[in-house]
Amino acid sequence: MGNFDVTLVFDHWDRYMDGFINTIQVSIIALIGSFILGAIIAIFRIAPFKPLNWFGTAYVEVIRNIPLLIVVFFFYLGLPSLGIALDGFVSGTLGLTVYTAAFIAEAIRAGIQAVPTGQSEAARATGLSYLQTMIHIILPQAIKIVLPAIGNQFINLVKNSSILAVVAGMDLMYYADLINSDTFLPLTVYTFVALFYLVLTVPLSYAVLYMERRFNIADNK
Amino acid sequence: MDFIGAYSIPNLTFILKGFLITLEVAFISIILSFLLGTLLGTLRYTRIPVVARLTAIVVDIIRNLPLLLIIFFMKIVLPQIGISMSPFWSTVVGLTLFEGAMISEIVRSGLNSIDKGQIEASRSSGLSYMQTFWNIILPQGLRRMSPPMVSQFISLLKDTSLAIIISLPEIMHNVQILGGQNFNYIIPALILAAALYFIVNYTLSIIARRLESKMH
């Protein structure tokens with residue numbers, strides 16, 4: 001079959017690597033950003049102050065029910081119409097951050113609420129402050145639920161980062177398009193793109209599975 | 001921003017026409033991915049030696065790839081090996097493969113959650129393996145799977161927007177065109193698109209929550 005040419009990956013190694021590294025970069029930056037934003041939203045949702053609850057709930061519900069592309073387009077096409085121009089890489093990363101934060105917020109909230117209320121009551125009764133209770137009693141237990149969930153979000157981020165190709169964001173899919181227009185060998189070009197993604201996502205999936213199993217075993221003891 | 005200009009009748013019709021295609025693609029893909037997912041999930045559940053293992057590998061590969069790449073593959077790569085599809089069917093097939101793989105995991109864990117004692121009980125009461133699966137395991141499993149299944153359908157509806165990469169004239173494609181005509185239209189158009197997605201998905205998520213609370 002003249003359609004497949006393995007040497008292509010070596011001929012275009014530099015461009016594959018540029019895209020691959022950008023994909024990793026976007027995923028990591030957006031993971032950190034969405035963890036911080038998600039933690040803030042989660043605190044809003046459980047804080048004893050109604051307007052904050054409403055804001056947190058509205059954020060999560062709206063973002064979770066609209067496509068990532070709308071959020072990315074808001075930064076890439078919407079903001080320039082208001083006089084703020086961002087390039088594809090930056091608007092893609094911001095879009096991914098804002099979008100993923102909603103899912104991470106839910107994971108953190110679920111983790112905290114999974115700890116029985118008796119635990120915080122007991123901790124408060126022994127004289128710990130609210131903050132001490134959170135740090136020493138609630139969060140260490142919540143992490144068992146939160147950590148695998150964040151791992152899953154990281155996998156989603158790596159996959160979703162491909163949306164940068166839609167806004168010329170210099171990721172792996174974007175560079176693949178450039179290589180494809182030079183070589184006209186889409187089968188080869190995109191098979192290698194798939195392999196590059198799998199190199200990232202498969203080990204991450206196994207790591208999440210491992211975490212889930214470990215925490216489950218610890219629970220059943 | 002120009003809301004009045006953006007929401008003129010021709011523009012609204014244009015966006016709604018796109019949303020109709022979005023819904024059409026989503027509807028067909030939901031049905032097909034449900035069927036594929038149930039089939040694949042059942043194959044993995046049965047533990048038939050080679051088949052179950054092969055299914056697991058294929059499902060894991062698909063689940064770990066970006067959907068955008070899979071849709072692109074259908075439209076750009078398949079013609080090279082003699083399979084040409086319209087943007088509409090490329091999207092449907094891509095979505096079906098990806099979401100079907102996701103749903104198969106839901107089906108598998110749903111089936112696994114049914115107590116093994118039930119299999120033993122129905123086998124010893126004289127039901128065959130097929131009868132046990134069909135009448136005892138599958139109905140209970142499907143009920144347990146329904147909340148995560150609806151969530152997956154919500155993802156599917158959102159994911160149809162990725163078809164913009166192969167120029168399917170769905171809603172986001174039309175929103176982008178409108179924004180290209182007049183950039184004061186882009187934010188109003190995005191807000192309208194968000195509202196349409198939100199209405200459909202929020203309704204679905206309320207259904208999912210109802211299903212969940214019914215079970216407990």
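User: What makes residues 20-208 of chain A a helical stretch, in percent helix and strand?

Analyst: Over residues 20-208 the chain is 84% helix and 0% strand, with end C-alpha atoms 22 Å apart, where helices (H or I, at least four residues) and strands (E, at least two) are DSSP runs numbered from the N terminus. This is a predicted model in which local features need pLDDT of at least 70 and side-chain atom pairs count only at pLDDT 80 or more, while totals for chains, interfaces and linings use all residues. Residues are numbered from 1 along each chain as its sequence is written, and chains are lettered from A and ligands numbered from 1 in the order in which they are written.

User: Why are α5(A) and α7(A) called roughly antiparallel?

Analyst: The axes of α5 (residues 88-114) and α7 (residues 130-160) of chain A come within 8 Å and cross at roughly 155°, the axes being lines fitted to C-alpha atoms over the stretch in contact, with angles from 0 to 180 degrees between N-to-C directions. Angles under 35 degrees count as roughly parallel, over 145 as roughly antiparallel, 65 to 115 as roughly perpendicular and the rest as oblique, and the two helices are therefore roughly antiparallel to each other.

User: Which residues of chain B touch chain A, by number and by helix?

Analyst: In chain B, 32 residues are in contact with 29 residues of chain A, contact requiring C-beta atoms, placed from the backbone, within 7 Å. Helices α4 (67-77), α7 (129-159), α8 (171-181) and α9 (186-215) of chain B each supply at least two residues of that side, and α9(B) gives the most, with ten residues.

Key
Two residues are in contact if their C-beta atoms, placed from the backbone, lie within 7 Å.
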